[in-house]
Amino acid sequence: MIFVGDARVKTDVPSIFTNGISIHSSNGVTVNAGEVLEVPVIVSEDSRLFFIFNTADSGTDIDFEIIQASGGASLIPVERCQRKQGEIDVGPGSYCLRWSNEHSWMTAKSVMYAIFIASKESIKQEKDRLRAEKIEKARRERLVWAEQRLQQLHTAVAQHEQVLTQSQQQRQVIADTISELCETIHSLQADLALLDGRTQESVTSLTTIREEAEMLLTFVEKESLSLADTTESSDSL
């Protein structure tokens, strides 16, 4: 622990952030009344710094800021709060995250924080990776959907083929029945023609018989009259 003026400054485990991605966190650092907690970070290339923190007990505010180690320029102005999270762009250089409990006379604060720094190149690579994963996931989902749809279509085709087979079988049965009915109709038509012929012959024969009967009747009547006349003549004599 080192002292700056009347304020006591304590430095947590220094973190040097190199190319790529680095994380530094603490489950709880006690900042006593009048103390300042500083976490220095060194960045080697253009990056993005993400941070989040909160104090362990409700109602225990603490002053927070982020400054450049050289020159002390403020990147995140001092703000008294219990919790905060955010992100800023940083270039190569040294930076310091500061939690000040100088305003407190008696109450110690327990600070839990996490710092995440990623180079812009690593962020780009991560975005590219996530985009590729998203595309791959979408492709796989489309492939699964296509396979499922193909299976559904195969099932539908099999069902329709079964229905088609049954329809063809039924159609064949109906066609055979129609063929049999046609043969029956032709046979009945032949029988009807035969009956028509026989009927015509019967009609002709009946006409002939009637004519012959009428001739015989006429003959009988004439003969009967002639016989009667002969009988009367005989009786006269």
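This is a predicted model: local features need pLDDT of at least 70, side-chain atom pairs count only at pLDDT 80 or more; totals for chains, interfaces and linings use all residues.
User: How many residues apart are Phe51 and Phe64, and which strands hold them?
Analyst: Phe51 is in strand β6, while Phe64 is in strand β7, which covers residues 62–68. The pair links distant parts of the chain, and the separation is 13 residues.

User: Which residues make up the cluster linked by ring pairs?
Analyst: A search of the whole structure turns up 6 aromatic pairs. Ring pairs join some residues into a cluster, and its members are Phe51, Phe53, Phe64, Trp99 and Tyr113.

User: Why does the pair of Phe50 and Phe116 tie together parts that are apart in sequence, and by how many residues?
Analyst: The two rings have their centres 5.5 Å apart and their planes at 55°, so they make a tilted pair. Phe50 belongs to strand β6 (residues 47–55) and Phe116 to strand β11 (residues 109–119). The pair therefore bridges parts whose separation in sequence is 66 residues.

User: What are the relative accessible areas of Phe50 and Phe116?
Analyst: Phe50 is partly exposed, at 25%. Phe116 is also partly exposed, and its value is 30%.

User: Back in strand β6, which backbone oxygen does the side chain of Ser47 reach?
Analyst: Ser47 lies in strand β6 and counts as buried, at 2% relative accessibility. Leaving out residues up to four places away in sequence, Ser47 touches Ile88, Asp89, Val90, Ile117, Ala118, Ser119 and Lys120. Its side chain also gets to 2.8 Å from a backbone oxygen, that of Glu45.

User: Zooming out, how many helices and strands does the protein have?
Analyst: Along the sequence the pattern reads β-β-β-β-β-β-β-β-β-β-β-α. That comes to 1 helix and 11 strands.

User: Among contacts between residues at least 6 apart in sequence, what percentage join residues at least 24 apart?
Analyst: Of the protein's 237 residues, 23% count as buried. As for contacts between residues at least 6 apart in sequence, the share joining residues at least 24 apart is 77%.

Conventions:
Residues are numbered from 1 along each chain as its sequence is written. Side-chain values use heavy atoms; hydrogens and water are left out. Rings of Phe, Tyr and Trp (its six-membered ring) pair if their centres lie within 6.5 Å; planes under 30 degrees apart count as stacked, over 60 as edge-to-face and the rest as tilted. Helices (H or I, at least four residues) and strands (E, at least two) are DSSP runs, numbered from the N terminus. Buried means under 20% relative accessible area, exposed over 50%, partly exposed in between (1.4 Å probe, protein chains only). Contact means heavy atoms within 4.5 Å. A polar contact is a pair of N or O atoms within 3.5 Å; within protein, one must be able to donate a hydrogen and the other to accept it, and residues adjacent in sequence count only if both atoms are side-chain atoms.
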